[in-house]
Amino acid sequence: MLHAAVIGFPSSGKTTLFQLMTSIRDSPRAKGDVNIGMSRVPDERLDRLTAMYNPRKHVPATVEFTDIVSTARGGGATALVDVAGYKNADALVHVVRAFRDEAVPHPAGSVDPARDAQAMEDELILDDLGIAERRLER
């Protein structure tokens, strides 16, 4: 099983993508709450092999998606992901906002997917640097 974490700025569509991939509609709304959902991966090759060899079990690949609810920081500052909640993930699914909607303001004030992707990458690199520094201190 693959453990994938959905990351991105608040109001970028993370929870919508999570709901589409896992078919989970009810989700926690408080900051720090965690959504965990499973998604089966359809594979025609597995179906053919199962039909050919008729095994006792037919176990398709599954992906466990994690979505941690975050809120924007006050004062117009951008809210970056709390990477501590994603340390056990095998893969990161980075959702970048590329749509404009007056009803859903962007935390930075303007929509710029390249800037947002770079800010998230910088945040992940800084967190990795912090982990390396703590290990060197030990």
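1. A114 belongs to helix α3, which covers residues 113–137; helices here are DSSP runs of H or I with at least four residues, numbered from the N terminus. A114 counts as exposed at 56% relative accessibility, where exposed means over 50% relative accessible area, buried under 20% and partly exposed in between, with a 1.4 Å probe and protein chains only. The C-alpha atoms of A114 and A98 are 9.3 Å apart, and 16 residues separate the two along the chain.

2. On the basis of the note: this is a predicted model, in which local features need pLDDT of at least 70 and side-chain atom pairs count only at pLDDT 80 or more, while totals for chains, interfaces and linings use all residues. Residues are numbered from 1 along each chain as its sequence is written, and side-chain values use heavy atoms, with hydrogens and water left out.

3. Side chains of opposite charge can pair when their charged atoms come close. A salt bridge is taken as a side-chain nitrogen of Lys or Arg within 4 Å of a carboxyl oxygen of Asp or Glu. The count by this rule is two salt bridges.

4. D116 is buried, at 2% relative accessibility, whereas R115 is partly exposed, at 30%.

5. Another salt bridge links R45 with D43 at 3.1 Å, N to O. R45 is exposed, with a relative accessible area of 56%, and D43 is partly exposed, with a value of 26%.

6. K14 is buried but has no salt bridge, and the nearest side chain of opposite charge, that of D67, is 5.1 Å away. For charge, Lys and Arg count as positive and Asp and Glu as negative, with His and the chain ends not counted. The K14 side chain does reach the backbone oxygen of G8, at 3.4 Å.

7. L49, M52 and Y53 make a nonpolar surface patch of about 380 Å². Such patches consist of residues with over 30% relative accessible area and no salt bridge, nonpolar side chains (Val, Leu, Ile, Met, Phe, Trp, Tyr) being joined within 5 Å; the areas come from the Shrake-Rupley method with a 1.4 Å probe. Within this group, M52 is found in helix α2, residues 44–53, and M52 is exposed at 57% relative accessibility.

Key
Polar contact = N/O pair within 3.5 Å; in protein donor to acceptor, adjacent residues only side chain to side chain. Helix = DSSP H or I, 4+ residues; strand = E, 2+ residues; numbered from the N terminus. Patch = residues over 30% accessible without salt bridge, like charges linked within 9 Å, V, L, I, M, F, W, Y side chains within 5 Å.
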